[in-house]
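Please keep the structure open while reading.

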Amino acid sequence: MSNFDIIPNSHHPLIVNNGDDDDLFIITNNPRKTNPLKKLILILAVCTVSILILISIAAKLIVIFKQRSMNSRTNQNLTSTTTFTIPTTKKPILSSTKDSFSPSIPVNGICANATWERNAITVVGGNGMGINLNQIYATNFYIDQSDTIYVSDFWNYRVLKWNKGASNGILIAGGNGPGNASNQLYPLGLVVDKDGTMLICDERNYRLQRWLPGALDGQTVISDLACSNLMYDGEGSLYATESLKGRVLKWSPGSIKGSGTIVTNGRLDFPHGLFVDRDRSIYVTEWNLHTVIKWPVGATIGMIVAGGNGQGPNLNQLKNPGAVIVDQSGTVYVLDTSNNRVVKWPKGATSGTLVVGDINGGSQANQLWFPGDLSFDRYGNLLVLDFFNYRIQKFMINRISCDAKSPMTATSIISK
C-alpha cells in the first residue's frame, strides 16, 4: 500500500495525494543532437495522447449531463406534487426533538460483550471508482432509522441516497461538478432530519448548506465555516468540527446561524471525528496527535480516552484516528484510519481491542483500506466507509455474544 499525505490547506484527512514526485516526467530536447525522425515521432505521440484525453473528457461530460438531466426530471416531478415548508429563523433548521435524528448507536445501547462478524457485506458501492450511480468516492455518510444511507460523495461533488437493499444510489444534492454555485457542493459531514432535509458541510466553499427534499439548489445557512463533521445532541444543538482552526463549535436550537460558540477550550491538532453523548460530553479525534479527547460539559481541559501513546500499530496506539462513537457504558469505538481497523476502548482502559479490519489493509471482505467514517445501525450492526475500496461495509453483530446480563440482551438485537 502507498503512503498518503494531507494536501496543504486541506480541511479533511481523506482529501489526499500520494506525494510521489517520481510520477512527474519532463521531455527535453538536446539542441546539439536533433534527430528529425525522433522529433516527428515525439510530436505524433503527443498529439495522439492529447486526442485521447479530449475524447475521455467529452465522454465523461456526456455521462454527467445525462445523469443530471434524469435527476432534474425526477426532481421536477417531485416538486410538482409536493409542498415543502422552509423553516423560519425562529425555529431550528432541523427539528430539535430527540426522535428526529438517528443516533449513532441503538437506543438500547451496545452490550458489553458484543462482537461482530469479521467478514462484511457491501451495502453501498463496491464497483470501483467512478461517476455512475452505483459508484462512490466518498468521505462521510449518515444512516437513518429506516436504514437509508446518505453518502457525501466528495470527489463526485454530490450527495447520494441509498435505500435499503438498493444497488444504485439516487442523486439528491449537487452532481454539477466542482464550483460554488447554489447547486454545487464539496460535501463532507452531514445530518438528516426525519423528513429528509439535510445540513451539509460544503467544505471548500466555506459554508453550511441546507437541502430540502427534492430541491435542485441548496440554501446557505452559515457562511465562513469550513466544517468537516456535524452532529446533533439529544436537545437539538448542532456541533461542528473545524479542522484547520483546531476547534469544535456549537449552535443552540433555534439559533443555527453566525459563528457559533467554541466549546473546546484551547486549540486541537486537526480535530476530525466528532461525537456527543447523552450527557452532552464531546468526544473528538485529533488526527495528528493520534488521540481521542473527551470534553465533559463545562470542562476547561479535555482528557485522553483512547490513544496517547504515539502513533503505531499496537493496540495501545492509534494512527490518524477518524470517526468516533461512544456507547452508553462509555466504551469508545474509534476508526483507526491509517491502521485500517476499528478498535474499541472500554471506559478507563489503557489499551484497545480489535473489532474489525487489520493493520495490513486490503480489499477482501474482512479488510479495510483507509476507512473514512463509522456508524451503527439501529440493530447494532457496524457500518464502515471503506475509502480506497469505494464502498460502505456492514459488519453484522454477533447476537450470541450478548447475554441477559448485558445492557442489550441477545433477544433485543435483531440483525437485518
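## Contacts of Ser 401

Ser 401 touches Cys 111, Asn 113, Ala 114 and Thr 115, leaving aside residues up to four places away in sequence. These contacts, like everything else in this report, come from a predicted model. Ser 401 itself is found in the segment after strand E26, which covers 391-395.

Two polar contacts involve the side chain of Ser 401. A polar atom of this side chain lies 3.1 Å from the backbone nitrogen of Thr 115. The side chain of Ser 401 also reaches the backbone oxygen of Asn 398, at 2.5 Å.

Is Ser 401 buried or exposed? The relative accessible area of Ser 401 is 16%. Buried means under 20%, so Ser 401 counts as buried.

Strands of a sheet pair through backbone hydrogen bonds, and the pairing is either parallel or antiparallel. In this model, four strands form an open sheet with antiparallel pairing, in the order E16-E17-E18-E19. The edge strands are E16 (271-276) and E19 (303-307), each of which pairs on one side only. From one strand to the next, the twist averages 25°.

## How the strands pair

E16 pairs with strand E17 (residues 282-286) in the antiparallel sense, over four bridges. In this pair, Val 276 stands opposite Ile 282 of E17.

E17 and E18 are antiparallel as well, and five bridges join them. Glu 286 has Thr 291 in E18 as its bridge partner. E17 and E18 form a hairpin with four residues between the strands, and in this hairpin His 290 takes a positive phi near 60°. On the other pairing, E18 and E19 are antiparallel over four bridges, and Val 292 has Ala 306 in E19 as its bridge partner.

## Strand E18

How many residues of strand E18 are buried? The strand runs over residues 291-295, and five of its five residues are buried, which leaves E18 mostly covered.

Conventions: Residues numbered from 1 in each chain as written. Predicted model: local features only at pLDDT ≥ 70, side-chain atom pairs only at ≥ 80, totals over all residues. Heavy atoms only, no water. Helix = DSSP H or I, 4+ residues; strand = E, 2+ residues; numbered from the N terminus. Buried < 20%, exposed > 50% of the residue type's maximum accessible area, 1.4 Å probe, protein only. Polar contact = N/O pair within 3.5 Å; in protein donor to acceptor, adjacent residues only side chain to side chain. Contact = heavy atoms within 4.5 Å. Pairing = 2+ DSSP bridges. Axes fitted to C-alpha atoms, helices over the stretch in contact; angles between N-to-C directions.
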